[in-house]
Amino acid sequence: MDTLKAIIGGLCLFAAVGCTPGTQKTAEQETAKAADKSDVVVENIMTRRSIRQYETRAVNRDTMQIILNCGINAPNGQNKQSWEVRVVDNPEFINGLTDIYKQKNPKVAEDPSFRNIFRNAPTVAFIANDPSYGFSQVDCGLLGANMVLSAWSMGIGSCCLGSPVGLLKSPEAAAYLERLGFSEGYELLYCIAFGYPAETPEAKPRMQEKVRFVD
């Protein structure tokens, strides 16, 4: 009987400790911490801007690796991971490609702020897709979204670009496309300029009327 009383008393004590204000406060703190994290994510998304002027210094490769890791952890159809990414921070590559662009478009040289075709960015990620998989372009878009958002969270600006793709697919730039070394069958889809922002653009208005709930 004494043993039974001791067990019951111990259980009651355990229950009382489990419901103490201190324990409840910890749970509340955890909830608040989760809410804070949510706020940080939302703020990062809402404050991100496309940057078109950059400082000359390249993004550190360790930092770029974090950005790439975030990119490849994006959701993708059937886990096919139907993308490939090549990162270039070599001025010789960027300047050489820019020279070809200037030969085709000599007027750009008249702009004193023009340094290269990647909005003057010192680091560029080239993204290719596997067209044999019909969802691969969506996968590449999700990958890029993760990359630009993670970059912004670390103070690195970005801009998604399509125009350099046409140049890279031209005969004059064939050697540069080959240097990217994409696997057979993969096609260059778009590129993302990365760098430390040299501007603070305002947000452009969004068309809220294009989004609605359906009852």
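1. Let's start at the surface: Arg52, Arg119, Lys204 and Arg206 come together there in a patch of positive charge. A patch takes in residues with over 30% relative accessible area and no salt bridge, joining like charges within 9 Å and nonpolar side chains (Val, Leu, Ile, Met, Phe, Trp, Tyr) within 5 Å. Lys and Arg count as positive and Asp and Glu as negative, while His and the chain ends are not counted. Each charge is placed at NZ of Lys, CZ of Arg, CG of Asp or CD of Glu.

2. A word on what you are looking at: this is a predicted model, in which local features need pLDDT of at least 70 and side-chain atom pairs count only at pLDDT 80 or more, whereas totals for chains, interfaces and linings use all residues. Residues are numbered from 1 along each chain as its sequence is written, and side-chain values use heavy atoms, with hydrogens and water left out.

3. Next, the overall layout. The chain has 7 helices and 4 strands; these are DSSP runs numbered from the N terminus, with helices being H or I of at least four residues and strands being E of at least two. Read from the N terminus, the order is α-α-α-β-α-β-α-β-α-α-β. Of the 215 residues, 32% count as buried. Here buried means under 20% relative accessible area, exposed means over 50%, and partly exposed lies in between (1.4 Å probe, protein chains only).

4. Arginine 206 sits in the segment after β4 (187-195), and with a relative accessible area of 64% arginine 206 is exposed.

5. There is a nonpolar patch on the surface too, formed by Val41, Val42, Ile45 and Met46, which together have about 390 Å² of accessible area. Such areas come from the Shrake-Rupley method with a 1.4 Å probe, and for residues only the protein chains shown count as cover. Valine 42 belongs to helix α2 (residues 21-47); its relative accessible area is 47%, so valine 42 is partly exposed.

6. Now look inside. Which residues have the most contacts inside the largest nonpolar core? They are Phe93, Leu97, Phe118 and Phe126, in a core of 25 residues. The elements giving two or more residues to this core are α4 (91-104), β2 (123-129), β3 (157-161), α6 (163-168), α7 (174-180) and β4. Helix α4 supplies the largest share, 4 residues. A nonpolar core is a set of buried Ala, Val, Leu, Ile, Met, Phe, Trp, Tyr and Cys residues joined through side-chain atoms within 4.5 Å.

7. The salt bridges deserve a look. The count is 6, where a salt bridge is a side-chain nitrogen of Lys or Arg within 4 Å of a carboxyl oxygen of Asp or Glu. One of them pairs arginine 61 with aspartate 89 at 2.8 Å, N to O. This pair links distant parts of the chain, 28 residues apart: arginine 61 is in helix α3 (residues 61-72) and aspartate 89 in the loop between β1 (83-88) and α4. Arginine 61 is exposed, at 60% relative accessible area.

8. Another bridge joins glutamate 84 and arginine 86 (3.1 Å, N to O). Is glutamate 84 buried or exposed? Glutamate 84 is buried, because its relative accessible area is 13%, while arginine 86 is partly exposed at 23%.

9. Finally, return to helix α4, where lysine 102 and aspartate 99 lie 3 residues apart, about one turn of the helix. Their side chains meet in a salt bridge (3.9 Å, N to O). Lysine 102 is partly exposed at 31%, and aspartate 99 is partly exposed at 40%. Asparagine 95 is found in helix α4 as well.
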